[in-house]
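Visitor: I would like to learn how to read a structure like this one. Please take me through it feature by feature.

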Amino acid sequence: MTPDSKSMDFAKLQPSYSRRAVLRAAALLTTGGPLVAQPSGPHLEFPVEARQRLAVTSYQFRTYIESPTNRARDKSKQGMDLKEFPAMIAKRFSVYNINPLGDHLSSTDPAYLASFREAVQRAGSHLVDLGLGGQDFSRADKPSRDEAVAYGAKWIDIAAAIGSPSVRQHLKTVPGHAPSVENTADGLSRLADYGARKGIVVNLENDSPGSEDPFFLVEVIGKVDNPYLRALPDFGNSLRGHDAAYNRRAVDSMFKYAYNMCHVKDVLRVKDDEVYRVDLAQLFGVARENSYRGYFSMEFDTAAGDAFEGTENLVKESLRYLSA
């Protein structure tokens with residue numbers, strides 16, 4: 001679940017700007033008004049040592065995280081605020097990069113965001129991406145697409161406030177309707193322009209079938225042609241309903257547009273009789289073939305086992321393939 005965009009005050013997310021300036025920026029996003037010249041592209045410096053290239057998502061630890069927007073919280077387990085997450089990951093896995101979900105922030109208040117950023121720094125950790133909920137950029141009516149763009153812009157501002165260099169924007173569409181490349185590209189082009197102005201990359205992940213089909217995503221990214229709109233390849237999601245050969249083609253197509261983020265998983269379990277095993281050696285090879293230099297974020301499928309054990313194994317296996 002994601003915060004309702006209508007309930008969030010856009011002006012409060014950028015306290016260093018006047019309300020008039022923020023409203024003017026929002027108007028430009030929704031009307032397609034003039035924007036400043038687009039930078040040549042993001043310029044992040046990536047580590048080269050294998051362990052420093054690893055990150056851990058908060059997704060598989062969602063049952064532990066206290067947040068009013070986290071519906072997956074399991075009260076039978078000891079809870080933690082997301083501010084405790086970077087130190088826990090550093091202590092348990094010796095990984096000093098995190099990839100949290102926006103739903104897991106306890107608040108979007110400027111004071112809380114500042115305290116979360118300080119907690120990351122105290123842990124000696126870094127944010128590498130902020131995961132956002134789904135929005136429909138494919139609707140035929142422009143006001144609906146404008147709403148999706150405004151939602152994304154709010155979270156880009158939050159990413160800037162907490163020190164994340166990118167956001168992962170999930171896409172959704174009306175059930176039973178094929179997503180439109182034209183409409184989706186229109187909204188994401190405006191969102192990428194806003195991200196460029198803030199120095200925040202917008203990533204798209206091959207996740208939900210249909211709205212986030214990998215080949216649909218790369219078509220949209222190619223059409224937008226903005227260096228701040230990138231792909232976030234997930235090693236396992238495109239196995240759903242497909243074989244390993246299809247998954248390899250899907251991940252390869254995504255890596256051609258990837259920049260700073262990908263998700264590593266070794267198993268995808270849809271239901272008891274539908275379990276897909278990921279060929280990690282093959283897909284780390286695909287990353288190398290595409291000269292990928294960004295981060296590998298551990299995203300264990302908790303339907304397949306314990307989050308801590310699964311993440312520990314992903315870290316171990318990732319180090320083995322990155323060090324080969």
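**Reading the model**

Guide: Of the 324 residues of the protein chain, 56% count as buried, where buried means under 20% relative accessible area, exposed means over 50%, and partly exposed lies in between (1.4 Å probe, protein chains only). This is a predicted model, in which local features need pLDDT of at least 70 and side-chain atom pairs count only at pLDDT 80 or more, while totals for chains, interfaces and linings use all residues. Residues are numbered from 1 along each chain as its sequence is written, and side-chain values use heavy atoms, with hydrogens and water left out.

Visitor: Over which residues does pLDDT stay under 50?

Guide: pLDDT is the predictor's confidence in each residue, from 0 to 100. Where pLDDT is low, the predicted coordinates should not be read in detail. Here the chain averages a pLDDT of 90, and 88% of the residues score at least 70. The score stays under 50 over residues 1-28, for which the model has 48 contacts beyond four places in sequence. It also stays under 50 over residues 30-36, with 11 such contacts. A contact means heavy atoms within 4.5 Å.

Visitor: How many helices and strands are there in the protein chain?

Guide: There are 9 helices and 11 strands. Both are DSSP runs numbered from the N terminus: helices are H or I with at least four residues, strands are E with at least two. Of the contacts with a separation of 6 or more, 79% are between residues 24 or more positions apart.

Visitor: What is the order of the strands in the open sheet?

Guide: Strands of a sheet pair through backbone hydrogen bonds, either parallel or antiparallel. Two strands count as paired if DSSP finds at least two bridges between them. The open sheet has 5 strands in the order β3-β2-β1-β11-β8, with parallel pairing. β3 (126-127) and β8 (261-264) are at the edges with a single partner strand each, so one side of each has no neighbour in the sheet.

Visitor: Are the two faces of β8 covered or open?

Guide: In a regular strand the side chains alternate between the two faces of the sheet. In β8 both faces are covered: Met261 and His263 on one side, and Cys262 and Val264 on the other, are all buried.

Visitor: Which strands form a hairpin?

Guide: β9 and β10 do, with 2 residues between them. Strand β9 (residues 267-271) and strand β10 (residues 274-277) run antiparallel and are joined by 4 bridges. Tyrosine 276 in β10 is the bridge partner of leucine 268.

Visitor: What volume does the largest pocket have?

Guide: Rolling a probe the size of a water molecule over the atoms shows where empty space is left. On a 1 Å grid over the protein atoms alone, a pocket is an open set of points where a 1.4 Å probe fits, with protein on both sides within 12 Å along at least five of seven lines; lining residues have an atom within 4 Å of a point. Grid points are joined across faces, edges and corners, and a volume is the space filled by probe spheres set on the points. The largest pocket has a volume of about 530 Å³. Of the 29 residues that line the largest pocket, Tyr59, Arg62, Leu101, His170 and Asp207 are the closest to its centre.

Visitor: Where is valine 220, and is it buried or exposed?

Guide: Valine 220 lies in helix α6 (residues 214-224). It is buried, with a relative accessible area of 1%. Leaving aside neighbours within four places in sequence, valine 220 is in contact with Val181, Thr184, Ala185 and Leu188.

Visitor: Which residues have a positive phi?

Guide: Most residues other than glycine have a negative phi. Among those with a positive value are serine 94, with phi near 55 degrees, and serine 291, also near 55 degrees. Serine 94 is in the loop between α2 (85-93) and β2 and is partly exposed, at 33% relative accessible area. Serine 291 is in the loop between α8 (280-289) and β11 and is exposed, at 58%.
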